[in-house]
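Open the structure in your viewer and keep the selection tool at hand. This tour goes stop by stop.

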Amino acid sequence: MKYGVIPFIALGLVLSLSIGIEYHCEGEEMFPTYYGSPFVFKQESLGSSMEYFYSVSGLILNVLIWSLMLLLINRPIQKYVTQTSRNWIKLSYKICLTLLLLFSSLSIGLESMMVGRGFEKNRNYWYFNLNEEAKAWGMKCKPELIFFQP
């Protein structure tokens, strides 16, 4: 796997929330749902169920972490594939890589349709401070592990 492909696949895995954390906040006020993988990078819009706001720094951190994990997983696999003489193993590796690229392309394409507009604070901005925001509104947020959600 080329080094440029790894961040692309990582971005697809982050945006698809293949393994993620969903933060439901409880309290007297209406509060958006936040998503992380592991850092918070996505906030559900209170105005529309089809609109999300993204944190650029959260996306970058998550892509870096997923890229590192994919790199660590890929190295021994790629070493084995290059040393083996079995063609079916090489073909299986290429098929898996192609499926991951298609999955990532689909995830990125779908998420680009749901991106919110504008760069207001706490919207499509550089950060979300979930703890500070929840404390200011008197909310308590509980994390929950999710797989392939929104």
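What is the handedness of the disulfide formed by Cys-25 and Cys-141? The torsion about their S-S bond is about 100°, so the disulfide is right-handed. We will come back to this pair after some orientation.

**Before you start**

This is a predicted model, in which local features need pLDDT of at least 70, side-chain atom pairs count only at pLDDT 80 or more, and totals for chains, interfaces and linings use all residues. Residues are numbered from 1 along each chain as its sequence is written, and side-chain values use heavy atoms, with hydrogens and water left out.

**Stop 1: the whole chain**

Show the chain as a cartoon. There are four helices and five strands. Both kinds of element are DSSP runs numbered from the N terminus: helices are H or I with at least four residues, strands are E with at least two. Starting at the N terminus, the order of elements is α-β-β-β-β-α-α-α-β. Now color by accessibility. Of the 150 residues, 37% count as buried. Buried means under 20% relative accessible area, exposed means over 50%, and partly exposed lies in between, with a 1.4 Å probe and protein chains only.

**Stop 2: the sheet**

Select the strands. Five of them make an open sheet, ordered S4-S3-S2-S1-S5, with antiparallel pairing. Two strands pair if DSSP finds at least two bridges between them. At the edges are S4 (52–54) and S5 (140–146), each of which pairs on one side only. From one strand to the next, the twist averages 25°. Axes here are lines fitted to C-alpha atoms, for helices over the stretch in contact, and angles run from 0 to 180 degrees between N-to-C directions.

Zoom in on S1, residues 20–26. Seven bridges join S1 to S5, and the two run antiparallel. Find Ile-21, which stands opposite Leu-145 in S5. Then find Glu-26, which faces Lys-140 in S5. S2 pairs with S1 in the antiparallel sense over three bridges. Here Glu-22 stands opposite Tyr-35.

**Stop 3: the disulfide**

Select Cys-25 and Cys-141. How far apart are their sulfur atoms? They are 2.0 Å apart and form a disulfide. Cys-25 is in strand S1 and Cys-141 in strand S5, so the pair ties together parts that are 116 residues apart in sequence. A disulfide is a pair of cysteine sulfur atoms within 2.5 Å. A search of the whole structure finds one. Cys-25 is buried, at 15% relative accessible area. Cys-141 is partly exposed, at 24%. Select Cys-96 as well: Cys-96 counts as partly exposed, at 48% relative accessibility.

**Stop 4: the salt bridges**

How many salt bridges does a search of the whole structure find? The search finds two. A salt bridge is a side-chain nitrogen of Lys or Arg within 4 Å of a carboxyl oxygen of Asp or Glu.

Select Lys-142 and Glu-26. Their closest N and O atoms are 3.8 Å apart. Lys-142 lies in S5 and Glu-26 in S1, so the pair links distant parts of the chain, 116 residues apart.

Move on to Glu-111 and Lys-42. Their closest N and O atoms are 3.4 Å apart. Glu-111 belongs to helix H3 (residues 87–113) and Lys-42 to strand S3 (residues 40–44), so the pair ties together parts that are 69 residues apart in sequence. Are these two buried or exposed? Both Glu-111 and Lys-42 are buried.

**Stop 5: a nonpolar patch**

Select Ile-19, Leu-145, Phe-147 and Phe-148. Together they make a nonpolar surface patch of about 440 Å². Phe-148 sits in the segment after S5. Phe-148 is exposed, with 55% relative accessible area. Patches are made of residues with over 30% relative accessible area and no salt bridge; like charges are joined within 9 Å, and nonpolar side chains (Val, Leu, Ile, Met, Phe, Trp, Tyr) within 5 Å. Areas come from the Shrake-Rupley method with a 1.4 Å probe, and for residues only the protein chains shown count as cover.

**Stop 6: two backbone details**

Most residues other than glycine have a negative phi, and most peptide bonds are trans. Go to Leu-17, in the loop between helix H1 (5–15) and S1. Leu-17 has a positive phi of about 55° although it is not a glycine. Leu-17 counts as buried, at 0% relative accessibility. Finally, select Ser-37 and Pro-38. The peptide bond from Ser-37 to Pro-38 is cis, with omega near 5°. Pro-38 is found in the loop between S2 and S3.
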